[in-house]
Amino acid sequence: MSTNGKSPIIRKYQQYMIKAFKLAEQAYDEDEVPVGAIVVKDDSIIGKGYNQTERLKDPTAHAEMLAISAACSTIENKYLTGCTLYVTLEPCPMCAGALVSSKIDRIVFGAPDVEGGACGSLFNIASSNKLNHQVEVIQGVMEEDCKWILKQFFQEQRSKSNGEN
């Protein structure tokens, strides 16, 4: 019998999402939008990233893009067949397109992005049958924690821009 009434698969998703969340905390500490991502193959982390658009002055330096690049470098292949991406926020259209192009098997995300998500919330690029690859999407893993860190970050940003501390 599983502990806490959770299946072994859900527990595994949560274990990896905790690692992605720690990367989101790192982004938060660096004044970046707190999103973290890891790529897993055969129960090993082969790539990780967190948002670094401000630091790198690069609009493509999203957590997912950095994790994809690191994973491809690790396995020395442009395709991530047999891999799963864990990310704290639903991927945007750019990241979802890159994930489809990488031929990754699965995306597991925490918080939905109703304003720009491309894995079911606003668009569904990841699973579109109009593309040459469809990605399985699992949503809502550690959703409340992932929403909370984003909410905290943006509240702080608004306070800073209003001259409060």
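1. Let's start with a pair of charges: R55 and E30 form a salt bridge, and their closest N and O atoms are 3.8 Å apart. (A salt bridge here is a side-chain nitrogen of Lys or Arg within 4 Å of a carboxyl oxygen of Asp or Glu.) R55 sits in helix α2 (residues 53–56) and E30 in the loop between α1 (8–29) and β1 (36–41), so this pair ties together parts that are 25 residues apart in sequence. The helix and strand names come from DSSP runs, numbered from the N terminus: helices are H or I runs of at least four residues, and strands are E runs of at least two. R55 counts as exposed, at 53% relative accessibility, while E30 counts as partly exposed at 34%. (Buried means under 20% relative accessible area, exposed means over 50%, and partly exposed is in between, using a 1.4 Å probe and protein chains only.)

2. Before going on, some ground rules. This is a predicted model, where local features need pLDDT of at least 70 and side-chain atom pairs count only at pLDDT 80 or more, while totals for chains, interfaces and linings use all residues. Residues are numbered from 1 along each chain as its sequence is written, and side-chain values use heavy atoms, with hydrogens and water left out.

3. How many salt bridges does a search of the whole structure find? The count is 6. One of them joins D31 to K160, with the closest N and O atoms 3.2 Å apart. This pair links distant parts of the chain: D31 is in the loop between α1 and β1, K160 is in helix α5 (residues 143–161), and they are 129 residues apart. D31 is partly exposed at 37% relative accessibility, and K160 is partly exposed too, at 44%.

4. Now look within α5. E143 forms a salt bridge with K147, the closest N and O atoms being 3.0 Å apart. Both residues lie in helix α5, 4 residues apart, which is about one turn of the helix. E143 is partly exposed at 23% relative accessibility, and K147 is partly exposed at 36%. There is also a network here, with salt bridges linking E143, E144 and K147.

5. Next, how do two helices sit together? Packed helices are described by the angle between their axes and the distance between the axes. For α1 and α5, the axes come within 11 Å and cross at roughly 0°. (Axes are lines fitted to C-alpha atoms, for helices over the stretch in contact, and angles run from 0 to 180 degrees between N-to-C directions.) That makes α1 roughly parallel to α5, a label for angles under 35 degrees.

6. Which residues of α1 and α5 meet? From α1 come F21, A24, E25 and Y28, and from α5 come D145, C146, I149, Q152, F153 and E156. (Contact means heavy atoms within 4.5 Å.) The residues of this contact divide into 6 nonpolar, 1 polar and 3 charged. In that scheme, Ala, Val, Leu, Ile, Met, Phe, Trp, Tyr, Cys and Pro are nonpolar, Asp, Glu, Lys and Arg are charged, and the others, Gly among them, are polar.

7. N51 is worth a click. You'll find N51 in the loop between β2 (44–50) and α2. Is N51 buried or exposed? At 9% relative accessibility, N51 counts as buried. A polar atom of the N51 side chain lies 3.3 Å from the backbone oxygen of V33. Leaving aside neighbours within four places in sequence, N51 is in contact with A27, E32, V33, V35, A61, H62 and A63.

8. Helix α4 (residues 93–102) has buried residues C95, A96, A98, L99, V100 and S102. What covers them includes α3 (63–75), β3 (83–89) and β4 (106–111). Just after α4, K103 takes a positive phi of about 60°.

9. Finally, two loop residues to check. D42, in the loop between β1 and β2, has a phi near 50°, a positive value in a residue other than glycine. D42 counts as exposed at 66% relative accessibility. E76, in the loop between α3 and β3, is not a glycine either, yet has a positive phi of about 55°. E76 counts as exposed, at 72% relative accessibility.

Note on methods: Parallel < 35°, antiparallel > 145°, perpendicular 65-115°, else oblique. Polar contact = N/O pair within 3.5 Å; in protein donor to acceptor, adjacent residues only side chain to side chain.
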